[in-house]
Amino acid sequence: MKKQILICCGTGCRANGSMKVAEALNQAVKSHNGNAKVIADIKTTGCHGFCENGPIVKILPDNLVYYKVKPEDSDEIVEKSVLGEEEIGRLMYKDDSGRPVRSQEENPFYAHQYKMVLRDVGEIDPENIGDYLERGGYEALRKAVSMSQDEIIDEVEKSGIRGRGGAGFPAGRKWRTAKRYNNFPKYVACNGDEGDPGAFMDCSILEGNPHSVIEGLAIAAIAVGAKEGFFYIRDEYDLAVKRIKKAIQDAEERGIIGASVMGSEYSLKLSVVRGGGAFVCGESTALMASIEGRVGEPRAKYIRSVQRGLWNQPTVLNNVETLANIPKIILEGGEKFAATGTKGSTGTKVFSLVGKVKRTGLVEVPMGTTLRHLIYDIGGGIIGNRPFKAVQTGGPSGGCIPESMLDLEVDFDSLASYGAMMGSGGMIVMDDRSCMVEVARYYTNFLCEESCGKCTPCREGLRRMLEILTDICEGRGREGDIELLERLGHTMQEASLCSLGKTAANPVLTTIQYFREEYEAHIREKRCPAGVCKNLTCFEIEAEKCTGCDMCARGCPVDAISGGKKEVHIIDASKCIACGSCRETCKFDAVRTGARQNVIEGRQAV
């Protein structure tokens, strides 16, 4: 049997040189063309998910996977693992016990996942429509053109699928409402404007399996009676834009979409619109304004987009991940889809697991999976085995969940009940060296810059919150600041125009709720317990732990550390700039943080 070599060429692996690996493997295979043994077909695929270990190369049917592959490894891979049956141990992933694992199924990062949306991502060439068709692609669309609109929507409603873009609104209800309006033309749109820091779920789906999203959008168009659709994709996603455009062209050439969808009476024209780089354009009404060529500002939602959306016509907007689920729902039935997940949050969810976790990447698990399972079983726990402190879910407007809630089930309702949110699926893990006040300040600063400024509660509320948080982090915090932040946050939740403003206070309110003692230490003791806020940090070396290895002194950029070899080292507080390099380089955890009295005045004097 001829072997296949699958090379991850998603954005992450490309950044690590996977295209050069693909070129080198091609050359290595060509150089063995005269060999009588089996020669492999080479396929460039989308993201395999385990991004930090790329480039990733998978050999089929042996199910042998290599990680961190370099171009110079290509000849050895072809000779030993393609022409032969030998494994290259140094290129295999080592599990927690240090044992090399052969397949993705044995890899602890993949073993606990359940892939529905990502089932074909990493297995097919996203620029080859034939690959998608071979795996049953567009069969759901073929089935949909023979169904009535109500029958299609019935299956979506039975599935219980809720929007994966953040709001969690039932997709079937949205489609049903839009279908009822007899105001034509109608439109469908895909929200691919993924702007959350640390999030890359939609990007990976669009890059790795664009036809699944096209098929989902086409089914939505048939269900509601739309003849035109739009893909609104973040401007920075060059590869996603390129692949979705090619996929649309290929589908049109085969008669799958266009003047006659699958040879039926339905027609569908699809276009790609590149986002303008504004975070607020992830909000539905702002996104539609941007598609129309207007400034991307939200409007009040007393009239829903399903009634008046694009050009004041009925419009259905769904997220990339939501649409990628639709073909499976139509092909296999809504009840089968609903059997996965929880009663109120059916199916699976794709997350980007990043931060202070050992195994980072793209993860898909059933709804209702606990945070502990995600972070420890899939993610492998905290880097350096440091204490877990918090996980921030839902992007910049999400909440921070503490260690005491690690067994919380991840679904729309559970997260919302604790002041957090599902969002689009970003998940940032933090250890004990993360300052929760600084985390709140960072996200507030991001949202302050991204606010469109249209409504006063969001525009002025974010600015004022940022001022207060900056003062607290820089040692100017005062009694009453915490209570003022809470009042501002609740006002923004009640009075802001769109969901950006209504959720913007979540990072602040949840960090106050679960980490109030850190705020109080900043304000009352002028101390940052995590050692992050420089004006409030003083590093000290514990004599009983110091071995005199001299690593801290060699890493100090201002020569603030003294002490000879095998002697206890001392930090000169007057020179220290609180950069934290000593703490990072110390292998014996001998550097601790302490309070720094009158530090601002002291620095000015120096």
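1. Tyr93 is a buried residue, its relative accessible area being 13%, and Tyr67 is likewise buried, with a relative accessible area of 4%. The model in which these values were computed is a predicted one, and local features are taken up only where pLDDT is at least 70.

2. The structure holds twelve aromatic pairs. In one of them, the ring centres of Tyr67 and Tyr93 lie 5.8 Å apart and the planes meet at 65°, so this pair is classed as edge-to-face, given that planes over 60 degrees apart count as such. Distant parts of the chain are linked by this pair, since Tyr67 sits in the loop between β4 (64-66) and α3 (74-82), whereas Tyr93 belongs to strand β5 (residues 93-94), 26 residues apart.

3. Because Phe230 lies in strand β8 (residues 228-233) and Trp311 in the loop between α12 (284-291) and β10 (315-319), the pair ties together parts that are 81 residues apart in sequence.

4. Arg173 lies over the face of Phe169, at 5.2 Å from the ring centre, and Lys349 lies over the face of Phe351, at 5.5 Å from the ring centre.

5. Turning to the open space in the model, the second largest pocket has a volume of about 550 Å³. Its lining is made up of 26 residues, of which Lys356, Asp431, Arg433, Ser434 and Glu584 are the closest to the pocket centre. Strand β15 (426-431) and the helices α17 (436-450) and α24 (581-585) are the elements that give two or more residues to this lining.

6. What is the division of the lining of the second largest pocket into nonpolar, polar and charged residues? Twelve of the lining residues are nonpolar, six are polar and eight are charged. Lys356, Asp431, Arg433 and Glu584, which are among the residues closest to the centre of this pocket, count as charged, and Ser434 counts as polar.

Note on methods:
Residues numbered from 1 in each chain as written. Predicted model: local features only at pLDDT ≥ 70, side-chain atom pairs only at ≥ 80, totals over all residues. Heavy atoms only, no water. Phe/Tyr/Trp six-rings, centres within 6.5 Å; stacked < 30°, edge-to-face > 60°. Helix = DSSP H or I, 4+ residues; strand = E, 2+ residues; numbered from the N terminus. Buried < 20%, exposed > 50% of the residue type's maximum accessible area, 1.4 Å probe, protein only. Lys NZ or Arg CZ within 6 Å of the ring centre and 35° of its normal. 1 Å grid on protein atoms, 1.4 Å probe; cavity = no way out; pocket = protein on both sides within 12 Å on 5 of 7 lines; lining within 4 Å. Points joined across faces, edges and corners; volume = space filled by probe spheres on them.
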